[in-house]
Structure formats: structure tokens, C-alpha cells
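This report describes the fold of one protein chain, from its overall dimensions down to single residues. The headings follow that order.

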Amino acid sequence: IPIIVIDKVEHAIPLAEILLKSGFKVLEITLRTACALAAIEKISAAFPEAIVGAGTVVDTKQFSQIKSAGAKFAVSPGLNKTLVLEAEKHNIPYLPGVATSSEALLAHQLKLKTLKFYPAESMGGIKTLRALAEVLPLHFCPTGGINADNLLSYLSLPYVCCVGGSWIAPRKLIAKASFAEIASHAKLAQTILKNAFN
Ligand code: 3PG
């Protein structure tokens, strides 16, 4: 999943077009900028085949905003019971983040099955993830430090269902409208995935 930070709404459509053409179907637009909701709305309307989600959801009121904008899923950096209940209320697939065994245990108690493991590499990477997955029946989407070199090591784990990262479309390249460079990252990622899984 490309994790995207959009500073200018006019970059939303050209960026989504490149990523979808390269083979990505799921895009996460983080709510870290003023135009994030508008970007979700534009991409969802222009590319109904795309599964566009909202990342960096940190406030209950954002669930109704992202749903109105067309988001199909929500992601948070951490775990918070109020946010989990709000996601349920809005009936939107939700990936809260966990990084420790206590957080993973709380997620399990809240009946969650799939979580973001964040920030993956800083929190010990695969070693930590393995330890969490060994003791609880959970699946994970690791993000934070995932790149072309390590994505397959994560994806080969049975309890990893997907990975996310900003390296495919880094904020700096989007801000400079360096779409050709983003397209080459996207192509590299897709080649790695196709060689491993097709
Ligand atoms: C996230 O929201 O999960 C992170 O911003 C992604 O981390 P990365 O920039 O290291 O890929």
C-alpha cells in the first residue's frame, strides 16, 4: 500500500493515475495535510475501481469526514478504544497501529483481527512482529521503514497480509511533481511483487 502525503490537491489525480496504472489497487492518503480529504474525494470519484483509504486518523470526528469523502478504510498510527468503537459505528474497515505486546493484547480483547504494526523497523522489525504473532491470533500490515529491500521478508510471513510505505511515492517527490521518479519506484515495487508471487 503506497502511503501518501499530499500537500497540493492538484497532485492527487496525476499521482493516483500513475500508481493505479503501475498495478496498485489500494492507496492510503494520510490526513496530515489540509487538502487530504479533498484528495481522497477527488481520487475516489475519478477512480472508482481504486480502494482509497485514509491514514493518520487520530480523532473520532474524522470517521464521518473520510466516509463522506469516499474512503473505504481507515488507518491510525496507534490503538485507542474510542477510535475503534467509532470505526465500528461507521462500519468502516479499520487498521489501528500496535507496536508492543500490551497493545496487541488490548487489540485482541477488543476483538480486532488485523492491525498495523507501526513503526515496524524502529520497533524491532520482524523479530518483534514474530514475537507478537506467536502469542496472539492476529494479522498485521507492517509500516514504518518498509522499502524495496525488506518488503518481501515481511510479506513472506504467514501473519502479514500486506505492507505499507511512503517510499514508493515520497512526500518530497509528490511536492515537486516528480511523477516519473515515482513511476519508477512503483514499477520496481510491482516487479518485486510479481517476481515473488506470480
Ligand atoms: C505510516 O504512516 O505508516 C508511515 O508514515 C510510513 O512509514 P514510512 O514513511 O517509513 O514508509
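## Basis and overall dimensions

A residue counts as buried under 20% relative accessible area, as exposed over 50%, and as partly exposed in between (1.4 Å probe, protein chains only). By this criterion 49% of the 198 residues of the protein chain are buried. The model is predicted: local features need pLDDT of at least 70, side-chain atom pairs count only at pLDDT 80 or more, and totals for chains, interfaces and linings use all residues. Residues are numbered from 1 along each chain as its sequence is written, and side-chain values use heavy atoms, with hydrogens and water left out.

The protein chain holds nine helices and eight strands. Helices (H or I, at least four residues) and strands (E, at least two) are DSSP runs, numbered from the N terminus. The radius of gyration is 16 Å, close to the 16 Å that the globule rule gives for 198 residues, so the protein chain is as compact as a globular protein of that length. Here the radius is taken over C-alpha atoms, and the rule is 2.2 Å times the number of residues to the power 0.38.

The C-alpha trace spans about 45 × 40 × 25 Å along its principal axes. A contact means heavy atoms within 4.5 Å. Among contacts between residues at least 6 apart in sequence, 54% join residues at least 24 apart.

## The five-stranded sheet

Five strands form an open sheet with parallel pairing, in the order E1-E2-E3-E4-E5. Two strands pair if DSSP finds at least two bridges between them. Strand E1 (3-4) and strand E5 (94-95) are at the edges with a single partner strand each, so one side of each has no neighbour in the sheet.

Strand E2 (residues 26-30) pairs with strand E3 (residues 51-55) in the parallel sense over five bridges. Leu 27 stands opposite Val 52 in E3, and Glu 28 has Gly 53 in E3 as its bridge partner. Four of the five residues of E3 are buried, which leaves the strand mostly covered.

Helix H2 (residues 36-46) lies across E2 and E3 and runs at about 160 degrees to E2. Axes are lines fitted to C-alpha atoms, for helices over the stretch in contact, and angles run from 0 to 180 degrees between N-to-C directions.

In helix H1 (residues 12-22), the buried residues are Ala 12, Leu 15, Ala 16, Ile 18, Leu 19, Leu 20 and Ser 22. They pack against E1, E2, H2, helix H8 (171-175) and helix H9 (179-197). Just after H1, Gly 23 takes a positive phi of about 125 degrees.

## The three-stranded sheet

A further open sheet has three strands in the order E6-E7-E8, again with parallel pairing. Its edge strands, strand E6 (97-98) and E8, each pair on one side only. Two bridges join E6 and E7 in the parallel sense, and Val 98 stands opposite Phe 117 in E7.

Ala 99 is in the loop between E6 and H5. At 9% relative accessibility, Ala 99 counts as buried. Not counting residues up to four places away in sequence, Ala 99 touches Phe 117, Tyr 118, Pro 119, Met 123, Thr 128 and Leu 132.

Helix H6 (residues 125-135) has Gly 125, Leu 129, Leu 132 and Ala 133 buried. Seen down the axis of H6, these residues fall within an arc of 95 degrees, so they line one face of the helix. The arc is that of the directions from the helix axis to the C-beta atoms. The face turned away from the buried side carries the exposed residues Lys 127, Glu 134 and Val 135. The packing partners of the buried residues of H6 are helix H5 (101-109), strand E7 (114-117), strand E8 (139-142) and helix H7 (151-155).

Leu 136 is in the loop between H6 and E8, and counts as buried at 11% relative accessibility. Leu 136 touches Ala 104, Leu 105 and His 108, not counting residues up to four places away in sequence. The C-alpha atoms of Leu 136 and His 108 are separated by 7.4 Å, with the two residues 28 apart along the chain.
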